[in-house]
Amino acid sequence: MTAFAGSGRHRVAVLIRDKALSFELSIVHRLFGQARSAGGAALYEVVTCALEPGEIRTDADFTVTVTHGLEALAEADTVVVPGSGVDFEPQGGPIEPSLTAALARIHPGTRIASICTGSFVLAAAGLLTGRRATTHWRSSARFRERFPDVAFDLDVLYTDDDGVLTSAGAASGIDLCLHMIRTDHGTAVANEVARGSVVPPHREGGQAQYVRRPMPDPRISSTSKARQWALENLHRPVTLQELAARESTSTRTFTRRFRDELGTSPGRWLTQQRIERARALLERTDMPIDQVAVTAGFGTAGSMRLRLQAELGVSPSAYRATFRGRDRRVPGPIRASP
């Protein structure tokens, strides 16, 4: 039986287990299902599969009827393995040999990703050996103990090691899926998907999980006015003093509030917004590289080149060459995320 309809779209198979985490399962369908081309055509086809078709329990008070078996793995371009409630039991559920054997059906070159404790399945199948990976912070000690041959990194939202990807807790699965969509089809498509789901279009994978970071005091004003002003002035130098002045506070207080609210420093946030602005301009316009650098606030092409090389591993011209052939729409206003 064929799992996919043969539409020519990128095929995503979601492999679930007993007590599947329903939120993580829905993430994949929601985000990939919203991705559209310039003409409005769906870019992905997503199916759910299991070791055996039939009813699969979730962590909620409902079951999921799965109509596809392991044939979906052999046909997929991307395979996503969400976590299971079993993984959070005191000793962690055992990974069935039949489950790891199932992953052998995946063709070489297929992109493989896990959400939350789905990384245990990938590691048990040997897919993470020698690779950088992460998982939910509550399971980090157990993961390290069981899989010492994996380059485990707790302080990230997601990892991407040459087509094998892992993410931390549930919400970081959103970041991971948007990262894959952005990699496949560029910033504009990923931003539209994020906008449709009312989530931030980009949180970098290297951002810490912030396990014990407290919520900011709701009685204290946010930093939103300063961030909005910064986005409107990315083309010029923006100082910490200017940002603090927008919120009528000292630089020390502003920096503390900013970290509490966004989990990063004002300087780091500004750099990320400039990178996102540059990426959008490189993807969606024919603007010369020097002008992109000025508009995004890097000042010079050399400065932008160094920053993109450090953050993305490619030069501006190489990045443009990758994406410009994918979307020839007339560009509209480009805004970074506040």
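In the predicted model, the side chain of Arg 320 places a polar atom 3.1 Å from the backbone oxygen of Leu 282. A further backbone oxygen, that of Leu 281, is reached by the Arg 320 side chain at 3.5 Å. Arg 320 belongs to helix H14, which spans residues 316-323. Although Arg 320 is buried, no salt bridge is formed by this residue. Asp 286 provides the nearest side chain of opposite charge, at 5.6 Å, and a salt bridge would require a nitrogen-oxygen distance within 4 Å. When residues up to four places away in sequence are set aside, Arg 320 touches Leu 281, Leu 282, Thr 285, Asp 286, Met 287, Ile 289 and Val 292.

The nonpolar cores were examined next. The largest nonpolar core comprises 34 residues, and the members touching the most others are Val 28, Leu 31, Phe 32, Tyr 44, Met 180 and Ile 181. At least two residues of this core come from each of strands E1 (10-15), E2 (44-49) and E4 (63-66), and likewise from each of helices H1 (22-34), H6 (172-185) and H7 (187-197). The most is given by H6, with 6 residues.

Val 28, one of the residues that touch the most other core members, is in contact with Val 12, Val 14, Gly 33, Val 46, Val 80, Ile 115 and Cys 177, neighbours within four places in sequence being left aside.

Notes:
Residues numbered from 1 in each chain as written. Predicted model: local features only at pLDDT ≥ 70, side-chain atom pairs only at ≥ 80, totals over all residues. Heavy atoms only, no water. Core = buried A, V, L, I, M, F, W, Y, C linked by side-chain atoms within 4.5 Å. Buried < 20%, exposed > 50% of the residue type's maximum accessible area, 1.4 Å probe, protein only. Helix = DSSP H or I, 4+ residues; strand = E, 2+ residues; numbered from the N terminus. Contact = heavy atoms within 4.5 Å. Lys, Arg positive; Asp, Glu negative; His and termini not counted. Polar contact = N/O pair within 3.5 Å; in protein donor to acceptor, adjacent residues only side chain to side chain.
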